[in-house]
Amino acid sequence: MKKLALAVVVTMASSFCAMAANDVSKSPPAAPYEQVSKLVKLPDFLPGMGQLFVNPATLPAGPFLAYDHDGKLVSTIYMLPIKDLNPDKRFDNLAVPGGNVDHVDVYYNAGHPGVPEPHVHVVLWHVPVADEARVAK
């Protein structure tokens, strides 16, 4: 009986550790995510987007994790190259590491450091519209 109880405790502890390692709700997220401003010439905080982190292996599309000034996750952003938005290319099973999505914004961007070609930002907001102001400035 003691061995069974120990096995349950060990299993639960390892599950909690795995969940904590995958938790992206607070900045900075664990590896393989890296701060975008340390990868390319961009500010640490981008007004309207927040502080961005990305797994470099997923560039240029992402997902990029966006945090407010308090280090709380506000959105997951995909940057999809315009040239790839055609019948020959698909973006299937896009991950949403931040969990629940409140609403989605999609807009054009002509390019910037890190993703220099024209692309579309697909912003999966994890906060209500009223809370978008947390990354406005």
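## Loops, strands and a surface patch

At 25% relative accessibility, Thr58 counts as partly exposed, a class that lies between buried (under 20% relative accessible area) and exposed (over 50%), with a 1.4 Å probe and protein chains only as cover. The model is predicted, so local features need pLDDT of at least 70 and side-chain atom pairs count only at pLDDT 80 or more, while totals for chains, interfaces and linings use all residues. Residues are numbered from 1 along each chain as its sequence is written, and side-chain values use heavy atoms, with hydrogens and water left out.

**Overall make-up**

The secondary structure of the protein comes to two helices and six strands; these are DSSP runs numbered from the N terminus, helices being H or I with at least four residues and strands E with at least two. In sequence order the pattern is α-β-α-β-β-β-β-β. Of the 137 residues, 36% count as buried.

**Strand β6**

How many residues of strand β6 are buried? Seven of the seven residues, 119–125, are buried, so this strand is largely enclosed by the rest of the structure. In a regular strand the side chains alternate between the two faces of the sheet. In β6 both faces are covered: one side has the buried residues His119, His121, Val123 and Trp125, and the other has Val120, Val122 and Leu124, also buried.

Strand β6 pairs with two other strands, where pairing requires at least two DSSP bridges. Seven bridges join β4 to β6, and these two strands run antiparallel. Ile77 has Val123 in β6 as its bridge partner. Seven bridges also join β5 to β6, again in antiparallel fashion. Here the bridge partner of Tyr108 in β6 is Val120.

**The loop between β2 and β3**

Thr58 lies in the loop between β2 (51–54) and β3 (64–67). A polar atom of the Thr58 side chain is 2.7 Å from the backbone oxygen of Asn55.

**Backbone geometry**

Most residues other than glycine have a negative phi, and most peptide bonds are trans.

| Peptide bond | Form | Omega |
|---|---|---|
| Ala31 to Pro32 | cis | near 20° |
| Leu59 to Pro60 | cis | near 5° |

Pro32 sits in the loop between α1 (2–22) and β1 (34–35). Pro60 is in the loop between β2 and β3. Asn93, a residue other than glycine, has a positive phi near 50°. Asn93 is in the loop between β4 and β5 and counts as exposed, at 79% relative accessibility.

**A nonpolar patch**

Which residues form a nonpolar patch on the surface? They are Val96, Val101, Val104 and Val106, with about 300 Å² of accessible area together. Such areas come from the Shrake-Rupley method with a 1.4 Å probe, and for residues only the protein chains shown count as cover. Patch residues have over 30% relative accessible area and no salt bridge; like charges are joined within 9 Å, and nonpolar side chains (Val, Leu, Ile, Met, Phe, Trp, Tyr) within 5 Å. A salt bridge is a side-chain nitrogen of Lys or Arg within 4 Å of a carboxyl oxygen of Asp or Glu. Val101 is partly exposed, at 37% relative accessible area, and is found in the loop between β4 (73–81) and β5 (103–109).

Conventions:
A polar contact is a pair of N or O atoms within 3.5 Å; within protein, one must be able to donate a hydrogen and the other to accept it, and residues adjacent in sequence count only if both atoms are side-chain atoms.
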